[in-house]
Amino acid sequence: MAKQIITLTVNGDEHELAVAPYQTLLEVLRDELDLIGTKRGCTAGSCGVCTVNGEQGEAVLSCCTLAVDWNGRSVTTVEGVQEGTELHPIQKKFLEHGAVQCGFCTPGLVMSAKALLDVNTSPTERDINEAMAGAICRCTGHIKVKIAIREAAKALREREGAG
Amino acid sequence: MQLPEFEYIRPKSLAEGLQALAEHGPDAQIMSGGSDLLINMKFRLDTPKYLVSFNDVAELKAMETLPDGGMQIGAGCTLTQLAGSGELEDKYPALHDAVFSVGSKHVRNAATIGGNICLDTRCWYTNQSEHWRETRDGCFKTDTEECHVIKTAAKCHAINSSDSAPALMVLGATVVLASAKGERELPIVEFYNDDGVDHTVMQPGEFLARVLIPPPTGRSIYAKLAQRDGLDFASGTFAAGIVGSNESPESVCLVMGSVGPAPKVLDKSIEIIMGQGLNDDTIEAAALAARASLGEVTNLFTPSGYKRRLVKALVKDALNELRDKEA
C-alpha cells in the first residue's frame, strides 16, 4: 500500500514522514518518532492513555486517529508539556499529591487535564469529571488525580494573576 | 490492535467525494470522526477496500440558523461543536443532551453528528475481537444466517446505539442523502430499518450530508441509562417531545433508543398522552405501554427482565421531568 509523505509538527518540531494510510497517530508517535510517553492501551478509544493535544489544545485519542489526517498539523505529547527545565504545574501537582501509582495512565491523564486547564483555569467539579471521563486509571483511582487537577488549576490561576 | 490495510481517499469537495463513492460502490466506506468506524475496523468487523473521508469539505462543518428559525447542521459538525452551541441547547434541549451524553470529551472531539446518526449497530456477540469470534460460529452480522443472542431470530438484532437518533426523531428532523445522482431528503423516522445488518435506508454511493431541524415548537427531553456516565454505550435511551399544554397537548412524540436495531416510536404511549394529557396516571400508563411494546427478547448485556424494568423507569422519570418543564 502506497505510503504518503506527511508533515507533522510534534511539540514544536517539524517532521517529514512517510506513513501508510492505516497507521494511526499513536503508531507514528511511538514507532516512528520514538515518543513513547504516549501510551498504547486499549487501542479502541476507551481508556484514554493515548491522549495527545491537538492544535487547539483539545484532547485527541491518538489510537483512533489516522496519521495521514494529521498532515500539516501539530500535536503536543506528554514530552512537550514541561516548560523549559521546569515541570508543568499539572505534572508538579500530580507528583505532589501522589496522583500516580503505576504511572501507565499518567501521560493520558496529564494530557486530558491539560486540554481542560488550557481553556478553563476555574473548572467546576462537573467540568473536571466531564474532561476526565475518557481517561481511566485502573490502580490509584481518581480522587488524587482530581485533587491534583484542582491544585494545578489554582497554581495556574495564581500565575495568571501574577502575570 | 492495528488497522487493516485500505486505500484512503480524502476528497477536497463534496462532489469529488460523491464521485468516489459512486465509483467504488459497496467497496467504499465513509469515515467522519472515525471514533467508531476505526475501532470496528481494528476488530475486523469492517474491512473496506476504500475509506473515504469528507473531513476536508468545509461546508459539512457548518451549523446554520434557517430563516424559519430551524437549524441546518452539516454532517461533519463534531459533537463537541454541537454540545457547545448555546442556540442548540436553547432550541433543542433533547438533541443537546443527547450529543453531550455520547462517549467522553475525547470521543466527542472527533465524533460527528453524521457519524452518530449512521452509527453501526452493536451486539455483545459480534462486537468482540477477531480471535474471540474465530472460536465461535459466524452470525447474520458476519457470514451466516444465524443469531446466537436470540436463537430463534430470523434477522439480526444488533442494537442501534445512536444517541442523536431518538432526539432527532422527536424534533421532527429530516436528513439529506447526497449521491453523484443528486439529493433526496427524508424524515429521520424513515431512515432506519429494523434490521441490525442493513440498519439504514442509505444505499451504496449515498452520503448523509446534513440534518434539518424544524423550528422548535414545544418542550423536549432526553434521558439515558448506561453502566457509566462516561464512555459506555447506552443500556436504554428515551426522547420525548410535547407541543402545547400538559392538559391538552397538540402533539406528542416519544421514542425509545438502544433497545433494538432501530429507534422505536412508542405509538401506544403517545396515544395515551394525546388522549388524556400528561398527568400521574397517564405517565404510569405510558411507561407500562412502553414496557409492553418491547417484547420478551433482548440483545442487551442484561436479561430482558432488566431491560423491561429499565424502560419503565426511564420513561416515567423523563415524562415527569418533561411535565415539570411546562412554562
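This is a predicted model: local features need pLDDT of at least 70, side-chain atom pairs count only at pLDDT 80 or more; totals for chains, interfaces and linings use all residues.

For the record, I take helices (H or I, at least four residues) and strands (E, at least two) as DSSP runs numbered from the N terminus, and I call two strands paired if DSSP finds at least two bridges between them.

Residues are numbered from 1 along each chain as its sequence is written, chains are lettered from A and ligands numbered from 1 in the order in which they are written, and side-chain values use heavy atoms, with hydrogens and water left out.

**β10 of chain B**

I followed β10(B) to both of its partners here. It runs antiparallel to β11(B) (residues 249-257), with eight bridges joining the two, and a hairpin of four residues connects β10(B) to β11(B). With β9(B) (residues 219-226), β10(B) again pairs in the antiparallel sense, over eight bridges. I picked out one bridge there: I221(B) has A240(B) in β10(B) as its partner.

Is β10(B) mostly covered or mostly open? Covered: ten of the eleven residues in 234-244 are buried. Buried is under 20% relative accessible area, exposed is over 50%, and partly exposed lies in between (1.4 Å probe, protein chains only).

**Chain B as a whole**

I counted twelve helices and twelve strands in chain B. The radius of gyration of chain B is 20 Å, close to the 20 Å that the globule rule gives for 327 residues, so chain B is as compact as a globular protein of that length. That radius is taken over C-alpha atoms, and the rule is 2.2 Å times the number of residues to the power 0.38. The C-alpha trace of chain B spans about 55 × 50 × 35 Å along its principal axes. Buried residues make up 56% of the 327 in chain B. Of the chain B contacts (heavy atoms within 4.5 Å) between residues at least 6 apart in sequence, 61% join residues at least 24 apart.

**Two helices in chain B**

Next I checked α11(B) (residues 280-292) against α12(B) (residues 304-324): their axes come within 8 Å and cross at roughly 150 degrees. Axes are lines fitted to C-alpha atoms, for helices over the stretch in contact, and angles run from 0 to 180 degrees between N-to-C directions. On the α11(B) side I noted I283(B), A287(B) and L288(B) among the contact residues, and on the α12(B) side V311(B), V315(B) and L319(B) among them.

**Over to chain A**

Which strands make up the open sheet in chain A? Three, in the order β2-β1-β5, with mixed pairing. β2 (13-19) and β5 (73-75) of chain A stand at the edges with a single partner strand each, so one side of each has no neighbour in the sheet. On average, neighbouring strands of this sheet are turned by 35 degrees against each other, direction ignored. β1(A) (residues 4-10) pairs with β5(A) in the parallel sense over three bridges, and V10(A) stands opposite V75(A) in β5(A).

Last entry: A2(A), in the segment before β1 of chain A. A2(A) is exposed, at 62% relative accessible area. Leaving out residues up to four places away in sequence, A2(A) touches A20(A) and P21(A). A2(A) and P21(A) are 19 residues apart in sequence, and their C-alpha atoms are 8.1 Å apart.
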